[in-house]
Amino acid sequence: MTGMQHVPGEDRGKVILYALSTCGWCADTKKFLTGLRVEFSYVYVDLLTGAERDRVVREVERWNPRLSFPTLVVNDAKAIVGFQEQEIREAVGA
Amino acid sequence: MPDAASDEEVDRFIQGLVEEAEAGGYHINPDEEFTRGLVRGLLANRGRYGYISCPCRLASGNREDDLDIICPCDYRDPDIAEYAACYCALYVNAEVEAGLSAAAPVPERRPPPAERRRAKEERATAGPAPGGLNYPVWRCRVCGYLCARNEPPETCPICRVSRDRFERFM
């Protein structure tokens, strides 16, 4: 399983979650977003390979030079690093 | 999804982890579901890379570049001291272990990729032991154990990590 996965929900803008398939905080963030019933996409960067992985890594680094996970990008404008419930809630207006 | 390890394998791994942690004065996160998820991640990484790199960090697959994030990582002890838990929250302090407080997300202490590349180059050019010392001094990057001998020990006698986790201290 590679590439971007889509979770249907209420449209609150473009919400992209960069995550690792093995990480507990990433799982909590994904669960939290799902619970908020917002539409979002997520990608497990550790499962990507080759050129696709390089491309996505550069994408994450642009928002978060530490390249840490989860990194949540809302509307190509705001990045939230880590499982920050309050910040996420505010960014997606839920 | 992590490559599936059996429940039995996960239980066995956690039991070993708890015994070793407690013997060394460390504590494993008492949140069973959360810890099981992390251990599944560790086992998945062992299957992928051959070593248990941190489940909450992106491994390169090159052991030398990932040494600092092989569990227990180089950042565990300072993170427990400052935030009551390590970055992925597998290890916690005594208070969290006793259920008196909960583990919360910890900011990333690992330097960003560019800084790590620079540090690696500097290490490669480290000089000989300073004058007056009969032996070089080695430091365990994980727990800080120091020893003066020609080579670091095969296994850290304090925290059990492998020889390649030692750095030249003096």
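Which residues does B:Ser53 touch, not counting residues up to four places away in sequence? They are B:Leu42, B:Asn45, B:Ala59, B:Ile69 and B:Ile70, where contact means heavy atoms within 4.5 Å. This is a predicted model, in which local features need pLDDT of at least 70 and side-chain atom pairs count only at pLDDT 80 or more, while totals for chains, interfaces and linings use all residues. Residues are numbered from 1 along each chain as its sequence is written, chains are lettered from A in the order in which they are written, and side-chain values use heavy atoms, without hydrogens and water.

B:Ser53 lies in the loop between helix H2 (32-49) and helix H3 (63-66) of chain B; helices are DSSP runs (H or I, at least four residues), numbered from the N terminus. B:Ser53 counts as buried because its relative accessibility is 0%, and buried means under 20% relative accessible area with a 1.4 Å probe, protein chains only.

Chain B has a domain 1 (7-97) and a domain 2 (126-168), with bounds from an automatic or database domain assignment. Their centres, taken over C-alpha atoms, are 23 Å apart. Between the two domains about 770 Å² is buried, 43% of it from carbon and sulfur atoms; this is the accessible area (1.4 Å probe) that two parts lose on being put together, summed over both. On the domain 1 side, B:Leu67, B:Pro72 and B:Asp74 lose the most area, together 50% of what that side buries.

Two salt bridges are counted between the domains, each a side-chain nitrogen of Lys or Arg within 4 Å of a carboxyl oxygen of Asp or Glu. B:Asp74 forms a salt bridge with B:Arg165 (3.0 Å, N to O).

Note on methods. Helix = DSSP H or I, 4+ residues; strand = E, 2+ residues; numbered from the N terminus. Buried < 20%, exposed > 50% of the residue type's maximum accessible area, 1.4 Å probe, protein only.
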